[in-house]
Amino acid sequence: MLSDVIDLLADPVDGTPLRAGDAAWKTLVSESGHNYDVARQGYVTLAGGAGLRYSGDDAEMIQARETFLSGGHFAPFVEAITDHVGQALDDAGVADDAHPSIVEIGAGTGYYLSHTLDSIENSRGVGIDVSVPAAKRLASCHPNIGAVVADAWSRLPLRDGVVDAVTVIFAPRNAAEFARVLSTEGQVIVLTADAGHLAELREPLGIIDVEEGKVERMIAQASGHLVPVGDPESVEFQMNLDQASIAAQIGMSPSARHIHPTVLAERIAALPETMTVTARAAITRLRRDPHLS
Ligand SMILES: C[S@@+](CC[C@H](N)C(=O)[O-])C[C@H]1O[C@@H](n2cnc3c(N)ncnc32)[C@H](O)[C@@H]1O
């Protein structure tokens, strides 16, 4: 709920702290007097003057994501993310009774953030996504999540130096803003798809592969704001997917927008009943560049 994380939230316009505007938490109000309505589903949209430039994943993509993830096919990814968040909090010396703060950017259905909060005692999380259908799920997926609609490429609606761990799973990365909101010892945990991810589906479905060197480029782009903690870790496993799961996997990805639904359905129908498909991604941990003030 937003009340669990209100001490982390800030006005997206000027960065001043937000607080409840009324006893029923129907609005949030900033120290500078800006008001933000809390939707009846429990999420709040925190966008600056220009509003939101993107709409993110639509309701169908979010539903496909929910369907696919609930099949447990990405369980090794969620386990690995939770482990790394735990290690990052240990590195930072964050005590459980300190109510560790975890922010997920592009949090989607909240699958990863919920799992992490369940595993880390007393933790609470902010799920940020630019998609309203995602925020509706985030608001109800876990009692300790505050759901926020915001654009990762704008000033994040978070106070300076208050976040113990930022997680980014197949979602946009704004290194300058991550460095601003992280606590001194806080870390960013990033999961990026690697070349070879879903390799067996690429040709038959006509979807493009992940380019080589993605992690190295991400680290280079973050330089000046964030530095890597150790080496990236590769997570690779095989999934047994039936045609419905393959349809859900493609439906939750950008490919869903690039291939006509009828063509995609025909291509999926031409696949074997079940297939072994490779999942491959890299987990990278980063912390604030020590040269930043
Ligand atoms: C590939 S999905 C990953 C979702 C989730 N992390 C997961 O793995 O289940 C990318 C998510 O980022 C969101 N997103 C895209 N652009 C964004 C932006 N500029 N700011 C915030 N969220 C964004 C999308 O709406 C979507 O939910």
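This is a predicted model: local features need pLDDT of at least 70, side-chain atom pairs count only at pLDDT 80 or more; totals for chains, interfaces and linings use all residues.
Residues are numbered from 1 along each chain as its sequence is written, and side-chain values use heavy atoms, with hydrogens and water left out.

The backbone also takes part: a backbone N or O atom of Asp57 lies 2.9 Å from an oxygen atom of the ligand, and one of Val130 lies 3.2 Å from a ligand nitrogen atom. Of the 590 Å² of accessible area that the ligand has on its own, the protein covers 90%, as computed by the Shrake-Rupley method with a 1.4 Å probe. There are 21 residues around the ligand, and those that come nearest are Gly106, Asp129, Asp151, Ala152 and Ile169, where being near requires a heavy atom within 4 Å.

Turning to Arg124, this residue is in strand β6, residues 124-129, strands being DSSP runs (E) of at least two residues and helices runs (H or I) of at least four, numbered from the N terminus. What does the side chain of Arg124 meet at 3.0 Å? The partner is the side chain of Asp7, in a polar contact, and a polar atom of the Arg124 side chain also lies 2.7 Å from the backbone oxygen of Asp4. Arg124 counts as buried because its relative accessibility is 12%, buried meaning under 20% relative accessible area, exposed over 50% and partly exposed in between, with a 1.4 Å probe and protein chains only.

Finally, an unreviewed UniProt entry places a "binding site" feature at Phe74, Thr109, Gly110 and His197, although such annotations may be inferred rather than shown by experiment. Gly110, in the loop between β5 (101-105) and α4 (111-119), is buried at 1% relative accessibility. His197 is in the loop between β9 (182-193) and α7 (199-205) and is buried at 6%; leaving aside neighbours within four places in sequence, its contacts (heavy atoms within 4.5 Å) include Phe74, Phe77 and Arg202.

Key:
A polar contact is a pair of N or O atoms within 3.5 Å; within protein, one must be able to donate a hydrogen and the other to accept it, and residues adjacent in sequence count only if both atoms are side-chain atoms.
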